[in-house]
Amino acid sequence: MNRKKVIEVLLSTLKYTQEQKDIIIELEEAKTEWESAKKYFQVADDPKLVDYAIYREDQSKARYIYFLLEARRKGVTIDASYMIEELDAASK
C-alpha cells in the first residue's frame, strides 16, 4: 500500500476538518518532494546542478517543516496505522 492511498483512507475514515485535511495533504506532498530532492542531489554531477539540488532540497525541507509545525499547532494527529505503514516502508 502506498502512502497516497494511506492518506486517502485516513481522510475518508477519520473525522478531520477541511483545514486539517489540507494540512495533511500538503505535509505528505512536501515530504514526497523532499525525498525526491534528496534523491536528485545524489545523482547531480554538474556543479550548477549540484547548486540547484541543494536549493531544491533546502526549499522542500523548509516546506515540510512549515506544514509539520502547522499540523502540530492545529492539533492534527495521524492514526497509528499510518505510522506503522511508514515504519514498514522504511525498513525495505
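This is a predicted model: local features need pLDDT of at least 70, side-chain atom pairs count only at pLDDT 80 or more; totals for chains, interfaces and linings use all residues.
Student: Where in the protein chain is confidence lowest, and where is it highest?

Tutor: The protein chain averages a pLDDT of 80, with the lowest confidence in helix α4 (residues 80-90), at a mean of 50, and the highest in helix α3 (residues 47-73), at 92.

Student: What makes α2 roughly antiparallel to α3?

Tutor: The axes of helix α2 (residues 18-43) and α3 come within 8 Å and cross at roughly 155 degrees; angles over 145 degrees count as roughly antiparallel, and therefore α2 is described as roughly antiparallel to α3. The crossing of these two helices, α2 and α3, is left-handed, and their contact has, by class, 16 nonpolar, three polar and 10 charged residues.

Student: Why is the pair of Y40 and Y52 called edge-to-face?

Tutor: The ring centres of Y40 and Y52 are 5.8 Å apart, and pairing requires centres within 6.5 Å; their planes stand at 85 degrees, and because angles over 60 degrees count as edge-to-face, the pair takes that name. Y40 lies in helix α2 and Y52 in helix α3, 12 residues apart, so that the pair links distant parts of the chain.

Definitions and conventions: Residues are numbered from 1 along each chain as its sequence is written. Side-chain values use heavy atoms; hydrogens and water are left out. pLDDT is the predictor's confidence in each residue, from 0 to 100. Helices (H or I, at least four residues) and strands (E, at least two) are DSSP runs, numbered from the N terminus. Axes are lines fitted to C-alpha atoms, for helices over the stretch in contact, and angles run from 0 to 180 degrees between N-to-C directions. Angles under 35 degrees count as roughly parallel, over 145 as roughly antiparallel, 65 to 115 as roughly perpendicular and the rest as oblique. A crossing is left-handed if the near helix is turned anticlockwise from the far one by less than a right angle, and right-handed if clockwise. Ala, Val, Leu, Ile, Met, Phe, Trp, Tyr, Cys and Pro count as nonpolar, Asp, Glu, Lys and Arg as charged, and the others, Gly among them, as polar. Rings of Phe, Tyr and Trp (its six-membered ring) pair if their centres lie within 6.5 Å; planes under 30 degrees apart count as stacked, over 60 as edge-to-face and the rest as tilted.
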